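Student: I would like to go through the terms used for this model and see what each one rests on.

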Amino acid sequence: MAEAVNIEELKRLAPPAELQRAPVVEGKPSLGALTDKLSAFAEGKTPLWWWILFLPAAFAATVIFPTCLFYQVFTGVGVWGNNHPVMWGLDIVNFIWWVGVAHAGTLISALLFLTKQHWRTTIGRMAEAMTVFSVMMAGLYPAIHVGRAWFDWFMFPVPNSNGNWPQFKSPLMWDVFAVNTYLVVSSLFWFMGMIPDFAVLRDRAVGRIRKTIFSALAMGWTGSARQWHNYEKAYVVLCGLCTLLVFTVSSIVGLDFCTSQIAGWHATIFPLYFVIGAVFCGFGMMLVILIPLRKWCGLEGVITMAHMDKVAKLALVSGLIIDYIYLQEFFIAWYSGDPYERWVFGHRLFGHTYLYLGWALIGINVCVTQLLWFKKIRSNLLALFIIGVLINCGMWCERFVIVVGSLYQEFLPANWGKYMPTIWDIGLYIGTLGAFFMLYLLFVKFLPMIAISEVKGVMPEADPHHKLGGAKNGGHS
Amino acid sequence: MSEKIYGLMAEFDSPAAILQAAEKIRDAGYRRWDAFTPFPIHGMDKVMKLGNSLVGWVSLAGGAFMFSQIFGLIWFCNAFDYPLIVGGKPMFSMPMTFVPAYIMLIMGGAVGALIGMLGLNQLPRLHHPIFAKKRFELVSRDKFILLIGAQDEKFCVTETKSFLESLGGAHVEIVEDVD
């Protein structure tokens, strides 16, 4: 009786409905039903849409990709459009773009964990997978951009018969460490997060082969309190380290540019610029991936409209910071009084060859992003999907404008030139896109795409201490 | 093949139920027991007096090791074994060394955290006696299992069994240790 009165009292004191936090999972499923729902896609029959998406992606990944790769490696960098003075072309543009896509994944899974955002649990795993696969694609580009890919091992401090060592004063050398670390750490983080979920799939497996594979992957996980105790600690530590990586890897990519003397690159704002641009681009990709998958995998109750709203808001915030940086860049170019700097920035918008890309980046990253202010847009999935695609295009244009736009007209007019990507540049990009989506679809089909145990852990009934749900879930009972 | 008793397990339906039962087991003076749950139960580590996990220290050791190694490596490569002047900069200095060393600190820390977690949890392991129980498969779903080990000083099959039943545990069963 006393309890009932207490509940009434609490309900009266609770904030009004519009101020209450949306539940992480809609429909209040029981823990068992939630487990069924979250593992259903990995266990069920492969739907038709999966094949329709997978086959073209697999074609790009297994035919176009190796063709372009091998032709370039066997023939030389000359098959690309790169030439003096534009020595960094689509290969570096795509490298930065892929690193960028990776960053939002780490931000969602690591930084939002540290800030105790429970809503991240349902999309964290998918974001991490995005990180791992896009870093793989990113890492490929510098490796083949060097021209003689069979000498890549010179980048590592390995004793060799010439007796020489890598030159550590160059940020390009730091990049080698940064990208490799990013790949290793994000893969570890992704894998470690999946161990308890491998155990879920192991315990549910029916066939012998399936049972054996998931038993091996779960490595004997029992879910005992002692294991969880160490696991949670390791998870927090990894989240902290991954958060550092969010801010470090793109900063170092930015340093590749700003330590050079080229007008348009030589700016102290570059590390921050690249980090925020990366995060912005990644949120765009997150929208592109989440919106179709939540519908087709039947996860609308788990990745709710409130989740999409939050991802869109984060895209808006990072977009606004990007806009501020554009403003700063142009202002400093004008204010510095440096004629070369002014020339480069003037030509980004009013030049001849690449002005369309310059205006595209203003149009998308500055103007289209503002649409996300409106709740109507944020609750319209089609609009969000289109904005997500546009953000990715816009950020690609930005990378192109920064890399090529600064190189093609440098200090001496005698050094001016043009850059046009060849079919091999574009083919390789299509190949990496195919490889990314192929890996992603395989992940969605075969691995736990949602962190099952994490989502269960933030359900109201998972807290042993309160009867109403309460603080842990923002009043959601 | 000899079959020994590994322990006794009892099943509970909710985090609150298993936490209350765990408190009573602790108060009864048992020391070798564990709780198997689908997700970490907050407060369980306090009840079990697990203290602070050592994973953080393993991670720190990994990070510190990599940081110092890369610092030393860069000094060895660029200042000792093959001194090279680039842009008139010193052979060895903080700005050029810190960034790669810091990045590799993150790498060492992350690898240390994973290895520490696996090592302290004694993973990977091929078998655990509790895997033989059919009902254990529900732990990764929505059941919560308490297990009191046979090596506990207070363990007695009949008494511990009735004790677990008195706590409200369902399906109290003997877990065999198969050698």
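Tutor: Two residues are in contact if their C-beta atoms, placed from the backbone, lie within 7 Å. The model is predicted. By that cut-off, 59 residues of chain B are in contact with 53 residues of chain A.

Student: Which elements of chain B supply at least two residues each of the side that touches chain A?

Tutor: They are helix H1 (15-27), strand S2 (33-36), helix H2 (44-47), helix H3 (55-81) and helix H4 (94-120). H4(B) gives the most, with 16 residues. By class, this side of chain B has 37 nonpolar, 14 polar and eight charged residues.

Student: Why is the crossing of H9(A) and H14(A) called left-handed?

Tutor: The helices, residues 270-296 and 381-407 of chain A, pack at an angle of about 145°, with their axes 8 Å apart. A crossing is left-handed if the near helix is turned anticlockwise from the far one by less than a right angle. The crossing of H9(A) and H14(A) is assigned to that class.

Student: What makes up the contact of H9(A) with H14(A)?

Tutor: Among the residues in H9(A) are A:Gly277, A:Phe280 and A:Ile291, and those they meet in H14(A) include A:Leu381, A:Asn392 and A:Glu398. The contact divides into 13 nonpolar, four polar and one charged. Glu counts as charged, so A:Glu398 is the charged one.

Student: Which residues have the most contacts inside the largest nonpolar core?

Tutor: A:Leu238 and B:Leu146, in a core of 196 residues. Beyond four places in sequence, B:Leu146 touches residues including B:Met9, B:Trp33 and B:Gly169.

How values were computed. Residues numbered from 1 in each chain as written. Chains lettered and ligands numbered in written order. Predicted model: local features only at pLDDT ≥ 70, side-chain atom pairs only at ≥ 80, totals over all residues. Axes fitted to C-alpha atoms, helices over the stretch in contact; angles between N-to-C directions. Helix = DSSP H or I, 4+ residues; strand = E, 2+ residues; numbered from the N terminus. Core = buried A, V, L, I, M, F, W, Y, C linked by C-beta atoms within 7 Å. Buried ≥ 20, exposed ≤ 12 C-beta atoms within 10 Å, placed from the backbone.
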